[in-house]
Amino acid sequence: AGPRSGGTPVIVTLLGGGASARESSPGDELSCAFGEGDNATTVDVPAEWLSSSALLCNTPEWSGDVATVDLSVRNGGHPSTSVAFQFYDDPVISSVNPSLGSSAGGTVVTLLGNLGVPLPKSSCRFGDQRATITWTSESEVSCTSPGGEAGSTVVPSLSLNGV
């Protein structure tokens with residue numbers, strides 16, 4: 001899952017792996033095609049090999065909720081594979097309460113706003129530190145702050161996909 005604004009890294013793993021999975025030639029153009037339904041327009045994004053059995057694509061901007069992701073190799077004989085990818089609106093935090101907490105951590109902080117649908121990899125962050133999260137609703141979550149340097153300021157944020 002990833003935001004409609006795009007940019008989420010997607011790793012496509014080819015079953016069977018090994019050297020046989022990487023049959024494309026140096027001149028082949030690898031891509032991931034994001035599409036919706038049989039007659040929908042697709043958006044192609046470049047793909048790159050991470051290993052002999054895994055490729056990396058970054059999601060495009062997307063207006064729908066779900067897209068199928070097809071792997072394709074132009075000029076190559078690679079089989080195409082399809083998987084579903086869920087898109088969502090970026091969470092919008094409108095209120096943080098309380099705005100101060102202990103440097104030892106453990107402060108329960110409530111975030112309010114248009115936060116989206118709880119997903120399995122959802123997480124709170126204080127700066128670059130992940131924190132535990134409890135969903136109350138699509139407009140309220142509680143996060144337990146980690147410890148930090150006394151007198152420092154960090155901005156809490158919410159990630160729905162763990163990235």
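Hi everyone, thanks for coming. A word on ground rules before the tour. What you see is a predicted model, in which local features need pLDDT of at least 70 and side-chain atom pairs count only at pLDDT 80 or more, while totals for chains, interfaces and linings use all residues. Residues are numbered from 1 along each chain as its sequence is written, and side-chain values use heavy atoms, with hydrogens and water left out.

Let's begin with the whole chain. The secondary structure comes to 13 strands and 0 helices. Here helices (H or I, at least four residues) and strands (E, at least two) are DSSP runs, numbered from the N terminus. Of the 163 residues in the chain, 38% are buried. By buried I mean under 20% relative accessible area; exposed is over 50%, and partly exposed is in between, with a 1.4 Å probe and protein chains only. The chain exposes about 9300 Å², and carbon and sulfur atoms supply 50% of that area. Those areas come from the Shrake-Rupley method with a 1.4 Å probe, and for residues only the protein chains shown count as cover.

How about contacts along the sequence? A contact means heavy atoms within 4.5 Å. Among contacts between residues at least 6 apart in sequence, 61% join residues at least 24 apart.

Two strands pair if DSSP finds at least two bridges between them. Strand S3 (residues 29-35) pairs with strand S4 (residues 43-51) in the antiparallel sense, over 4 bridges. S4 and S5 make a hairpin, with 2 residues between them.

Which cysteines are bonded in this part of the chain? Cys-32 and Cys-57 form a disulfide, with their sulfur atoms 1.8 Å apart. Cys-32 sits in strand S3 and Cys-57 in strand S5, so the pair ties together parts that are 25 residues apart in sequence. The torsion about the S-S bond is about 55 degrees, so this disulfide is right-handed. For those of you thinking about solvent, Cys-32 is buried at a relative accessible area of 0%, and Cys-57 counts as buried at 1%.

Thr-59 is found in the loop between strand S5 (54-58) and strand S6 (66-74). Is Thr-59 buried or exposed? Thr-59 counts as buried, because its relative accessibility is 5%. Leaving aside residues up to four places away in sequence, Thr-59 touches Gly-6, Gly-7, Thr-8, Val-10, Phe-34, Phe-85 and Phe-87.

An open sheet is formed by 6 strands in the order S8-S9-S12-S11-S10-S13, with antiparallel pairing. Its edge strands are strand S8 (92-97) and strand S13 (156-159), and each of them pairs on one side only. From one strand to the next, the twist averages 35 degrees. Axes for that angle are lines fitted to C-alpha atoms, for helices over the stretch in contact, and angles run from 0 to 180 degrees between N-to-C directions. Inside this sheet, strand S11 (residues 129-137) and strand S12 (residues 140-144) pair in the antiparallel sense over 5 bridges. Thr-132 stands opposite Thr-144 in S12.

How many disulfides does the count come to? It comes to 2 disulfides, where a disulfide is a pair of cysteine sulfur atoms within 2.5 Å. Besides the pair I showed, Cys-124 and Cys-143 form a disulfide, with their sulfur atoms 1.7 Å apart. This pair links distant parts of the chain, with Cys-124 in strand S10 and Cys-143 in strand S12, 19 residues apart. Cys-124 is buried at 0% relative accessible area, and Cys-143 is buried at 1%. With the bonded cysteines numbered in sequence order, the pairing reads 1-2, 3-4.

Ser-123 is buried, with a relative accessible area of 5%. Not counting residues up to four places away in sequence, Ser-123 touches Ile-133, Ser-157, Leu-158, Ser-159 and Gly-162.

Let me finish with a contrasting residue. Ala-104 lies in the loop between S8 and strand S9 (108-114), and at 66% relative accessibility it counts as exposed. Ala-104 and Gly-147 are 43 residues apart in sequence, and their C-alpha atoms are 4.5 Å apart in space.

Thanks, everyone!
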